[in-house]
Amino acid sequence: MLTNVQKRFLRKEAHDIDAIFQVGKGGVSPNLIKQVAEALEVRELIKISILQNCDDPKEEVAEMISSRSGSELVQIIGRTIILYKESRNKKQIQLP
C-alpha cells in the first residue's frame with residue numbers, strides 16, 4: 001500500500017510520460033492484463049488511457065487492471081490511469 005507522500009512523488013514522476021496502453025470498446029481483456037504486467041516489470045510506472053468508447057466506468061476499469069496485474073493505483077486523472085508496481089529485477093524508482 002502506497003502512502004500519500006509516495007503517491008505524490010509517483011504522480012510527479014508520471015507527469016512527463018505518455019500513456020502506453022488504451023482501453024477501448026473491448027474493455028479489459030486477459031491479453032491487456034498480461035501486457036500491462038510485463039510493462040510494469042520493465043518500467044515500474046505506466047499510464048493507461050481510457051477511450052471514450054469504453055463501456056465500463058473508468059473507476060471500475062482502473063480497479064480491474066490494478067487488481068489483476070498486482071499493481072498499485074496511483075491516480076485516475078480525467079480518462080488516464082497511473083499504475084505503479086515495484087520491479088523484481090529492474091528497480092529504477094526509489095520511493096521516499
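1. On the other side of α2, which residues are exposed? They are Pro-30 and Lys-34; exposed means over 50% relative accessible area, buried under 20%, and partly exposed in between (1.4 Å probe, protein chains only). Helices (H or I, at least four residues) and strands (E, at least two) are DSSP runs, numbered from the N terminus.

2. This is a predicted model: local features need pLDDT of at least 70, side-chain atom pairs count only at pLDDT 80 or more, and totals for chains, interfaces and linings use all residues. Residues are numbered from 1 along each chain as its sequence is written, and side-chain values use heavy atoms, without hydrogens and water.

3. Leu-32, Ile-33, Val-36, Ala-39 and Leu-40 are the buried residues of α2. Down the helix axis they fall within an arc of 130°, so they line one face. The arc is taken over directions from the axis to the C-beta atoms. These residues pack against β1 (19-23), β2 (45-50), α3 (58-69) and β4 (80-84); contact means heavy atoms within 4.5 Å.

4. Just after α2, Glu-44 has a positive phi of about 75°.

5. β1 and β2 pair in the parallel sense over four bridges; pairing requires at least two DSSP bridges between two strands. Ala-19 has Lys-47 in β2 as its bridge partner.

6. The sheet is open, with four strands in the order β1-β2-β4-β3 and mixed pairing. Its edge strands are β1 and β3 (72-77), each pairing on one side only. α2 packs on the sheet and touches β1, β2 and β4; its direction makes about 165° with that of β1. Axes are lines fitted to C-alpha atoms, for helices over the stretch in contact, and angles run from 0 to 180 degrees between N-to-C directions.
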